[in-house]
Amino acid sequence: MDVIGKLIDHFRQFPGIGPRQAKRFVYFLLGQSEGYRNSLSKLVIELGKSITICASCQRFFPLGLKNESECLICRDPNRTSEILLVVSRDVDYENIEKSHTYTGKYFVLGGSVPILEKNPEGRIRLRELIALIEKRAQNNGLKEIIIALNLTPEGENTQEFLVATLSPLIKKYQIKISTLGRGLSTGLELEY
């Protein structure tokens, strides 16, 4: 396979990008200057060096000068630790944060669980979520977990899996578990 084919395959792995769109990306890049392509490749490499995952909420955030292990939201003393909002992806976190209505903490699952998945705990950050719930329930008095996932079959399957898996912790610490209201159309992604 030549360079064009390999690059098309890489772009096809992006969410929502099919083969035709991936091919358009490649030909767009070919039409750009070498300086543009060099700048883009440097930014992609820099992305891995300047972004890290928060040790608490598991979302991506830029490394600061102090190389903190937690993002600004997890370190913010004004945000309540009594509520934990669980989302699938960083883009979901960003969209909720734009609303300026939620003042609790977050957890990013890093994906969702497909319906017939044989190893669901391998598709999401389940161990990290359980550890965070245990820590917050013991130290900060976690009172409520809000599961805010897409209203798709995968999102609903992930929600059911989480509720079943977390139920011993919910009972042990008497934590309320909630979901988003159903005012959204079925099949709608939280991002929209």
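## Close-up views of a predicted chain

**Overview. The whole chain at a glance.** The accessible surface of the chain comes to about 12000 Å², and 55% of it belongs to carbon and sulfur atoms. Accessible areas here come from the Shrake-Rupley method with a 1.4 Å probe, and for residues only the protein chains shown count as cover. This is a predicted model, in which local features need pLDDT of at least 70 and side-chain atom pairs count only at pLDDT 80 or more, while totals for chains, interfaces and linings use all residues. Residues are numbered from 1 along each chain as its sequence is written, and side-chain values use heavy atoms, with hydrogens and water left out. Along its principal axes, the C-alpha trace spans about 60 × 45 × 30 Å. You can find 7 helices and 6 strands in the chain, and from the N terminus on they run α-α-α-β-β-α-β-α-β-α-β-α-β. Helices (H or I, at least four residues) and strands (E, at least two) are DSSP runs, numbered from the N terminus. Of the 192 residues in the chain, 36% are buried. Buried means under 20% relative accessible area, exposed means over 50%, and partly exposed lies in between (1.4 Å probe, protein chains only).

**View 1. The largest nonpolar core and its neighbour.** A nonpolar core is a set of buried Ala, Val, Leu, Ile, Met, Phe, Trp, Tyr and Cys residues joined through side-chain atoms within 4.5 Å. The largest one has 22 residues, and Leu129, Ile133 and Leu162 are those with the most contacts inside it. Two or more residues come from each of β3 (83–87), α6 (126–139), β5 (144–147) and α7. Helix α7 gives the most, with 6 residues. Now look at Leu129: leaving aside its neighbours within four places in sequence, Leu129 is in contact (heavy atoms within 4.5 Å) with Leu84, Val86, Phe107, Leu109, Leu162 and Leu166. A second, separate core has 15 residues, including Ile73, Cys74, Leu85 and Tyr102.

View 2. A disulfide is a covalent bond between the sulfur atoms of two cysteines. Here, a pair of cysteine sulfur atoms within 2.5 Å counts as one. How many disulfides does a search of the whole structure find? The search finds 0. The sulfur of Cys71 has its closest cysteine sulfur in Cys74, 3.7 Å away, which is too far for a bond. Cys71 is buried, with a relative accessible area of 0%. Cys74 is in no disulfide either, as its nearest cysteine sulfur, that of Cys54, is 3.7 Å away. Cys74 also counts as buried, at 7% relative accessibility.

**View 3. Salt bridges between charged side chains.** Side chains of opposite charge can pair when their charged atoms come close. A salt bridge is a side-chain nitrogen of Lys or Arg within 4 Å of a carboxyl oxygen of Asp or Glu, and the whole structure holds 4 of them. In one of these, the side chains of Glu97 and Arg79 meet at 2.9 Å, N to O. Glu97 lies in helix α5 (residues 90–98) and Arg79 in the loop between α4 (72–75) and β3, so the pair ties together parts that are 18 residues apart in sequence. Arg79 is buried, with a relative accessible area of 12%. Another salt bridge joins Arg89 and Asp92, whose closest N and O atoms are 3.2 Å apart. Is Asp92 buried or exposed? At 0% relative accessibility, Asp92 counts as buried, whereas Arg89 is partly exposed at 28%. Arg75 pairs with Glu68, with 3.5 Å between the closest N and O atoms.

**View 4. Two glutamines with positive phi.** Most residues other than glycine have a negative phi. Gln58 has a positive phi near 70° and lies in the loop between β1 (51–53) and β2 (60–62). Gln174 has a positive phi of about 55° and is found in the loop between α7 (153–173) and β6 (176–179). Gln58 counts as buried, at 10% relative accessibility, whereas Gln174 counts as exposed, at 69%.

**View 5. A nonpolar patch on the surface.** Phe28, Tyr36, Leu40 and Val44 form this patch, with about 360 Å² of accessible area together. Patches are made of residues with over 30% relative accessible area and no salt bridge, where like charges are joined within 9 Å and nonpolar side chains (Val, Leu, Ile, Met, Phe, Trp, Tyr) within 5 Å. Helix α3 (residues 34–50) gives the most to the patch, with 3 residues. Phe28 is found in helix α2 (residues 19–31) and is partly exposed, with a relative accessible area of 43%.
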